[in-house]
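Work through the exercises below with the sequence and the model side by side. Try each task before reading its solution.

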Amino acid sequence: MLKLCKNWYNILSGEFSKPYFLNLQQKLTDEYNRYTIYPPMEKVFSALNYVKFDDVKVVIVGQDPYHEEGQAMGMSFSVPESCVIPPSLVNIFKEIKSDLGIDCIQNGDLSRWAKQGVLLLNAVLTVRKGSANSHKGIGWETFTSEIIKKLNEREDPVVFVLWGNNAKAVMPLITNKQHYILTASHPSPLSAYNGFFGCKHFSKINNILQSLGKTPIDWH
């Protein structure tokens, strides 16, 4: 059973009766019945359930969930505390250290960021075990694009953080000038040296938030 808090349900309620979402639901029911799918169904909407719509300060867009056992928890780049920290997140922590001079708590559960208003949103919210991008194109991108559009409509500014080409694909949806967009290469070991390291996004985010009179994020 997909679990979505009332706050976001009300904002996105128009989506749930649309043909694409009904098809997505049917596809997911079949996938969960036939295969091992991550994250568990009750955690698919974790990113939304941690941060109310009006409380979103920052959106970090990811691709799709981790596809190995026990990793995916419904938030981009985040893994449960008991998991080994994945390479991309190791590099994110390295950039935070370089940028802000702080040592991150050495576990990969980023709910500590989500509770401060960081929406850790993957473009695709589920994945088949051992098969990255296996749920690409089944309808999630339409749904998560609608989330970006709703945030774009907000008068209160949002900082959108887009790392890598997949994340940058949502840029055309962010049209209102009050919002901020930060882009860099993806933090994976394959691309981090092409512009992620040295991007200083974490200090930039906090400088923006402070300029707006908002509490900066504690990136520990």
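## Exercises on the sheet

Five of the five residues of S5 are buried, so S5 is largely enclosed by the rest of the structure. Buried means under 20% relative accessible area, exposed over 50%, partly exposed in between (1.4 Å probe, protein chains only). Strands (E, at least two residues) and helices (H or I, at least four) are DSSP runs, numbered from the N terminus.

The model is predicted: local features need pLDDT of at least 70, side-chain atom pairs count only at pLDDT 80 or more, and totals for chains, interfaces and linings use all residues. Residues are numbered from 1 along each chain as its sequence is written, and side-chain values use heavy atoms, with hydrogens and water left out.

**Exercise 1.** Sort the residues of S5 by the way they point.

*Solution.* 
- Step 1: Val159, Val161 and Trp163 point one way.
- Step 2: Phe160 and Leu162 point the other way.
- Step 3: Check burial; all of these residues are buried.

**Exercise 2.** Find the strands that pair with S5.

*Solution.* 
- Step 1: Apply the criterion: two strands pair if DSSP finds at least two bridges between them.
- Step 2: S2 and S5 (residues 159–163) pair in the parallel sense over four bridges. Here Ile60 stands opposite Val161.
- Step 3: S5 and S6 run parallel, joined by five bridges. Trp163 faces Ala184 of S6 as its opposite residue.

**Exercise 3.** Is S2 mostly covered or mostly open?

*Solution.* 
- Step 1: Take residues 58–62; five of the five are buried, and S2 is mostly covered.

**Exercise 4.** What is the strand order of the open sheet?

*Solution.* 
- Step 1: The four strands run S3-S2-S5-S6, with parallel pairing.
- Step 2: S3 and S6 (180–184) are the edge strands, each pairing on one side only.

**Exercise 5.** Which strands does each of the helices H6 and H8 lie across?

*Solution.* 
- Step 1: H6 (residues 140–152) lies across S2, S3 and S5. It runs at about 150° to S3.
- Step 2: H8 (residues 201–211) lies across S2, S5 and S6, at about 170° to S5.
- Step 3: Contact means heavy atoms within 4.5 Å.

Terms used:
Axes are lines fitted to C-alpha atoms, for helices over the stretch in contact, and angles run from 0 to 180 degrees between N-to-C directions.
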